[in-house]
Amino acid sequence: MTAPVDDALILSVESSCDETGIAVTRGGRSILSNVVASQTALHAVSGGIVPEVAARAHLRWIVPVLDQALGDAAVTVDDVDAVAVTYGPGLAGSLLVGLNFAKTLAWVHDKPLVGVNHLEGHLYAAWLHDGANGGDTGEPVFPLVALIVSGGHTFLVEMPDHLTYRLLGQTVDDAAGEAFDKVGRLLGLAYPGGPAISRAAEAATRHDAAFPRAWLGDTYNFSFSGLKTAARRTIDVARADEGLPTGKAAEAEPAARLSAAATAELSWGFQDSIVDVLVTKTIRAAESSRARSIVLGGGVAANSALRTRLAGEAEALGLPLIVPRPALCTDNGAMIGAAGARRFAAGERADLSLDARPSLPLARR
Ligand code: KG4
Ligand code: ZN
């Protein structure tokens, strides 16, 4: 028997970047299982994602991840109402693995297929709850303003209702997560740079390292490439002070790292610049669009300085802030199930001609 769509049991597949994620969710809210095979250790060797390596790792892990997701949820593919899958944006080779896998499951088990935009998944992670998510802030209330910050994307969007988006602004160059990863590399920290910089910054005892902020007037756009250049220069100056090789010579000697104190201070200053711009623009957007709640999502939303500062400023405005717990901010299958359930309930069905879209936008102005 098929469940009513609002209560639909969704099997969802995410493979757009370097996490193989499969989940079983109900009604876009409850998580029955959410299994993620992370390739972080694999890519740490090269200090970044090698697309060919990522695609092969998805192939290696996707069947065991499915088995565990079904086992954890105690269901079979025949029990689910639909199969949802990320079809973009992301790395073409990575997307194709999950997409072909999901198509095959849908075809063999005669289930409807629903295509999901990865960015919409990051947004809809805010609707998930499994006891540990969301705390007592409840569900997002419309109209809302959402800030999505990940390794590949940084944008602010207004949502008057479900599945309806008005793009307010986005990065004109690097994504926030990309900047974290690049500066993490310059500091000789472990890959990925975001969590490593966050940890290093927590140890800072001095909080006076000043990094530039690109405000870009009163737009809601972001730019982090100038910050990256400034960070490179400041790190070089600090290295010279400690008698370490600088510039290209530093890259040849990755073991010659800055002292822990300088690393902590510079990490704090760099992170503070990113958090300041992200929070200031999000709060201004929420105020001017008369939002009734704020949503924060994407891998960088796992950053505790960002979460804490945005929570404080949202509270001062009397606005609820909904931020998924960190494991639901970074790529996972449940977020695709959350968005997929909405699309499924809205009557959307994809067929086997659904193609991977490496640069699929969420919304146009
Ligand atoms: O959403 P995500 O898992 O993948 C993409 O869709 O890109 O985001 C990954 C990004 C990486 O750049 C990583 O460094 C960053 O999220 N990230 C963080 C933290 N945890 C992950 N950045 C800052 N602080 C963190 N705690
Ligand atoms: Zn993502």
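About 30 Å³ of space lies in the largest cavity. This is a predicted model, and the structure holds one cavity of 30 Å³ or more.

**The cavity**
- The largest cavity is lined by Gly 47, Asp 181, Gly 184, Arg 185, Leu 189, Ala 190, Tyr 191, Pro 192 and Gly 193.
- With three residues, helix 5 (residues 176-186) gives the most to this lining.
- Sorted by class, the lining has four nonpolar, three polar and two charged residues.

**The zinc site**
- Three residues coordinate the zinc ion (ligand 2) at 2.0 to 2.1 Å: His 118 through NE2, His 122 through NE2 and Asp 331 through OD.
- Along the chain, these donors follow the spacing H-x3-H-x208-D.
- His 118 sits in helix 4 (residues 118-124), while Asp 331 belongs to the loop between helix 11 (326-329) and helix 12 (333-345), so the pair ties together parts that are 213 residues apart in sequence.
- Both His 118 and Asp 331 are buried.

- Strand 8 pairs with strand 7 (residues 154-161) in the antiparallel sense, over five bridges.
- Opposite Gly 169 in strand 8 you will find Leu 156.

Note on methods:
Residues numbered from 1 in each chain as written. Chains lettered and ligands numbered in written order. Predicted model: local features only at pLDDT ≥ 70, side-chain atom pairs only at ≥ 80, totals over all residues. Heavy atoms only, no water. Donors = N, O, S within 2.8 Å, 3.2 Å for Na, K, Ca; no water. Helix = DSSP H or I, 4+ residues; strand = E, 2+ residues; numbered from the N terminus. Buried < 20%, exposed > 50% of the residue type's maximum accessible area, 1.4 Å probe, protein only. 1 Å grid on protein atoms, 1.4 Å probe; cavity = no way out; pocket = protein on both sides within 12 Å on 5 of 7 lines; lining within 4 Å. Points joined across faces, edges and corners; volume = space filled by probe spheres on them. Nonpolar A, V, L, I, M, F, W, Y, C, P; charged D, E, K, R; others polar. Pairing = 2+ DSSP bridges.
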